Amino acid sequence: MTPIQRALRYYYVVLFSLLCLLLVQFWPYIEASQASVYLFATLSVLGYATMFVSPVIVIGELLELFVRPRGDEVPRWKLALVYGGVWLVSLIVVLVGYTDLQLFKLYEYHFNAFVWNLLTTPGGLAALGATDETTYTVAGVVVLAAILLAAMLRVIHRFAARSRQGHVSRRRGLAVVGLLLTSLGVVQGVYAFSSYTGQEEYLQAASVLPFHVNTSATGLLRRLGVVQAEKSNALSLAKGKVNYPLQAITTRPLEKYPNIIWLTAESFRWDLFSAEVTPNLWAFANKAMSFKRHYSGGNRTRMGMFSMFYGLHAPYWYAFQTQRVRPVLMDLLIDKGYQFSLRTSQSFTYPELNDTVFAEMPEGTLMQALNEGEPWRCDQQNVDHMLAELAHFEAGKPRFMFMFFESTHAPYTFPESAVIRPGYQQVMNYAKLDLMKDADAIHRRYVNAAHHVDRQVGRILDYLEEHHMLDSTIVLFTGDHGEEFMENGHWGHGHGNYFPEQQIRVPLVLSIPGYRAQSFDHVTSHLQIPKTLMTYLGTSTPADAYTLAGDLFQSEDFLVLGNYNYLGIKNGDSKLVFPFTGSEFFRYDVYDALDKRLPRNERQEVVDASKSVLDRVVTENRRFVQ
C-alpha cells in the first residue's frame with residue numbers, strides 16, 4: 001500500500017467520523033418513545049454518513065489510481081491533484097451538511113424543493129433578509145472549514161508517510177464499507193416497512209436526517225401479505241388542470257366604482273395592532289371595520305397572498321402558479337376598467353406574484369419593486385411614489401393600488417426616529433444568534449419596524465382624509481401572515497407542520513364606502529376577503545363558483561391553513577395538521593389550544609371526530625382542478 005493510499009484511508013475514516021457527529025446534531029428533533037427508534041436512528045447515522053462520504057471515496061480512489069506513481073517519489077503535482085480533488089469534494093459535503101443543520105435549526109426544513117426554489121428564483125435569497133454580518137460570518141465558516149480540512153489532510157499525509165504499520169488492508173476496508181452499506185439497506189427496509197404499515201415514530205426519525213431516501217416496497221409487502229395502514233398512503237391535493245372559476249362571473253353595473261388601496265405588511269401579526277405600536281391604524285379603525293380575530297390562510301407569504309386574493313386553500317398555489325391563473329377579483333377589476341399600480345419593497349418574482357395574483361396584467365400596469373438598500377427606506381420611498389400618484393388621480397377612472405411593506409420582515413429594519421422599544425438587538429447576524437437568549441431583543445426590533453410601517457400607512461391615510469377621498473376609496477390593511485419569537489420554540493414563520501397563533505393571526509382593517517365603522521369579534525379569514533369585495537362590486541355569481549369561503553360578516557365553521565407541504569385545520573381549540581403534496585410521509589399531528597402537540601395516543605380521538613371536516617377539505621381542494 002502506497003503512502004497516498006494509506007493517507008486516503010485514514011482521511012476517509014476521520015471524515016466519516018465527522019459526518020457521524022454532524023448527523024447526531026439532528027437527534028434532538030426526534031420524537032421517540034421507544035429505544036428501538038434510537039437504534040434505527042443510530043443505524044441511519046452510520047448508513048447516511050457512509051452515503052455522504054462515498055463521493056469523496058470515489059473521487060479519491062479514481063484520482064489515486066490515475067496518478068499512482070511508478071517509483072518511490074511522487075511528483076508534487078500528483079499529490080496536489082489527488083489531495084486537491086479529495087479536499088474540494090469533502091469541503092462541499094461538509095458545508096452542505098452543516099448548512100442543512102443550521103437551516104433545520106432555524107426553520108425545520110432540509111434542502112428540498114422549496115429551498116431550491118428559494119435559491120434559483122430571482123429575489124428568493126433576498127427574501128430571507130440575511131444581513132451583511134450574516135454573509136461575512138458564512139464566508140468565514142467556509143474559509144475556516146476549508147483551512148481545517150486542508151490541515152487535516154496535511155497532518156494525515158505526514159502521519160501516513162511515517163507509519164508503515166497498523167494500516168487496514170483493502171479487504172478489511174471493503175468489509176467495513178460493506179457492513180456500513182448493509183446498515184443503510186436495513187434502514188431503508190425499515191423505512192419502507194414503516195411507511196407501508198404507518199409506523200410514525202420511525203418515519204419521523206427518518207425525516208429528521210438530511211437527504212433521507214423515501215424507499216418504497218409496496219408491491220413486495222403486499223405480496224407478502226403485510227397489512228397496509230390506511231393512512232400510510234400519500235395525499236396529493238389540487239393537482240391537475242385548473243378549472244376556475246366554475247362559471248362565468250356576472251355583475252350588475254355600478255354607477256361609480258371605488259378606488260381600492262390594498263396595503264399588506266410582511267409578517268405583521270395581530271398583537272402589533274395597538275394604540276402604542278400602530279397609532280395611525282388604531283385611529284383609522286374607529287372610522288372603518290376592524291376584525292379582531294382574523295387569520296391568514298397560511299404561515300408563508302405565498303399562502304397568505306394567495307388566500308387573500310383568491311379565497312382558496314394553499315394546495316391550489318402550485319397549479320395556479322404553474323398555469324399562471326389570475327384571481328377572478330383581478331379579472332373583475334380589469335373588466336371594469338381599473339388602472340393598476342403595484343408596488344413592493346421585496347419583489348414580484350419571489351413569491352411569484354407575477355405568475356399568480358398579478359399574472360398577465362394589462363398594458364400600462366405599473367409594477368414597481370424597490371428592493372435595493374434598507375427595507376424601511378424602500379417602504380418610505382414606495383409611499384412617496386404612492387402619494388405622488390394620488391395627487392394625479394384621473395377623475396372617472398377607478399384605480400387599484402397595491403403596496404407590500406417589507407420593514408417587518410427579518411431582520412426588521414427601521415430608522416432611529418421610529419424606535420419605541422429601546423434595548424433592541426443591534427446586530428442581526430443569523431449565523432450567531434442565540435434565539436433563547438436574544439428573542440426578546442429581536443422582538444423589540446420587530447415592534448419598532450411595525451411602528452415605522454404604521455407611520456408610512458398613516459401618511460397615506462392622512463392624504464386620503466385631507467383630500468376627502470375616503471368616501472370613494474376601499475382601504476384594506478393586513479399582514480400576509482404572522483411571526484413567532486420563540487413562544488412555541490421557533491423564530492420566524494413557516495416551520496415544518498406547525499401553525500401556532502403567532503404565525504397565522506393577523507390584523508385586518510377594512511374601510512368600504514357606505515359601510516359603517518364597527519368592530520367584529522367573530523373568527524374571520526383571508527379567504528373571506530374576495531367574496532366580500534366581489535359582492536360589493538356587484539357580482540351576482542354564486543360564491544362557490546370562485547371561492548371556498550363566505551364573506552367577512554359571518555364566521556366560518558373552521559379555518560384551513562397552509563404552507564408549502566402541510567395543511568392545518570383550526571377547528572375549535574385544536575389544530576389538525578397533515579401533509580398534502582405527497583412528498584412527505586402521511587400522518588396526522590394535533591395541537592391543542594396552546595399550540596402544544598398532543599401525544600400520539602391522544603390524537604386519534606381528534607382525528608376520528610374531525611372525519612367529516614377532513615373529507616370536506618379534501619373535496620374542496622379538488623373542486624377547481626380536473
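This is a predicted model: local features need pLDDT of at least 70, side-chain atom pairs count only at pLDDT 80 or more; totals for chains, interfaces and linings use all residues.

Me: How many aromatic pairs does the structure hold?

Reply: It holds 42 aromatic pairs. Another one is phenylalanine 268 with phenylalanine 477: the centres are 5.2 Å apart and the planes are at 85°, so that pair is edge-to-face. Phenylalanine 268 is in the loop between S1 and helix H10 (279–285), while phenylalanine 477 is in strand S6 (473–479), so here the link is between parts 209 residues apart in sequence.

Me: How buried are those two, phenylalanine 268 and phenylalanine 477?

Reply: Phenylalanine 268 has a relative accessible area of 1% and is buried. Phenylalanine 477 is buried too, with 2%.

Me: Which rings link into a cluster?

Reply: Tyr244, Phe306, Tyr310, Tyr316, Trp317, Phe320 and Phe624 are linked into one by ring pairs.

Me: OK, over to sheets. What's the strand order in the open sheet of 4 strands?

Reply: The order is S11-S12-S13-S14, with antiparallel pairing. Strand S11 (559–562) and strand S14 (589–591) are at the edges, each pairing on one side only. On average, neighbouring strands of this sheet are turned by 25° against each other, ignoring direction.

Me: How many bridges join S12 to S13?

Reply: There are 6 bridges between S12 (566–571) and S13 (574–579), and the two strands run antiparallel. For instance, isoleucine 569 has leucine 576 in S13 as its bridge partner.

Me: Which helix lies across S13 and S14?

Reply: That's helix H18, residues 600–609, running at about 90° to S14.

Me: Switching to helices, then. How far does H6 reach from its first C-alpha to its last?

Reply: H6 covers residues 132–162, 31 residues, and reaches 45 Å, close to the 45 Å expected at 1.5 Å a residue.

Me: Which of its residues are buried, and what covers the buried residues of H6?

Reply: The buried ones are Thr134, Thr137, Ala145, Ala146, Leu149, Met152, Leu153, Ile156 and Ala160. What covers them includes helix H1 (3–24) and helix H3 (76–107).

Me: Where is phenylalanine 111 placed?

Reply: In the loop between H3 and helix H4 (113–120). Phenylalanine 111 counts as partly exposed because its relative accessibility is 28%. Leaving aside neighbours within four places in sequence, its contacts are Val96, Thr99, Asp100, Leu103 and Phe211.

Me: What about the phi of alanine 238?

Reply: Alanine 238 has a positive phi of about 60° although it is not a glycine. Its place is in the loop between helix H9 (218–223) and strand S1 (259–265), and it is buried, with a relative accessible area of 4%. Arginine 324 has a positive phi as well, about 50°. That arginine counts as partly exposed at 33% relative accessibility, and it lies in the loop between H12 and helix H13 (328–335).

Me: Last one: what joins the side chains of glutamine 321 and aspartate 355?

Reply: A polar contact of 3.3 Å. Glutamine 321 is found in helix H12 (316–322), and it counts as buried because its relative accessibility is 18%, with the cut-off for buried at under 20%. Beyond its neighbours within four places in sequence, glutamine 321 is in contact with Glu352, Asp355 and Thr356.

Key. Residues are numbered from 1 along each chain as its sequence is written. Side-chain values use heavy atoms; hydrogens and water are left out. Two strands pair if DSSP finds at least two bridges between them. Axes are lines fitted to C-alpha atoms, for helices over the stretch in contact, and angles run from 0 to 180 degrees between N-to-C directions. Contact means heavy atoms within 4.5 Å. Buried means under 20% relative accessible area, exposed over 50%, partly exposed in between (1.4 Å probe, protein chains only). A polar contact is a pair of N or O atoms within 3.5 Å; within protein, one must be able to donate a hydrogen and the other to accept it, and residues adjacent in sequence count only if both atoms are side-chain atoms. The expected span of a helix is 1.5 Å times one less than its number of residues. Rings of Phe, Tyr and Trp (its six-membered ring) pair if their centres lie within 6.5 Å; planes under 30 degrees apart count as stacked, over 60 as edge-to-face and the rest as tilted.
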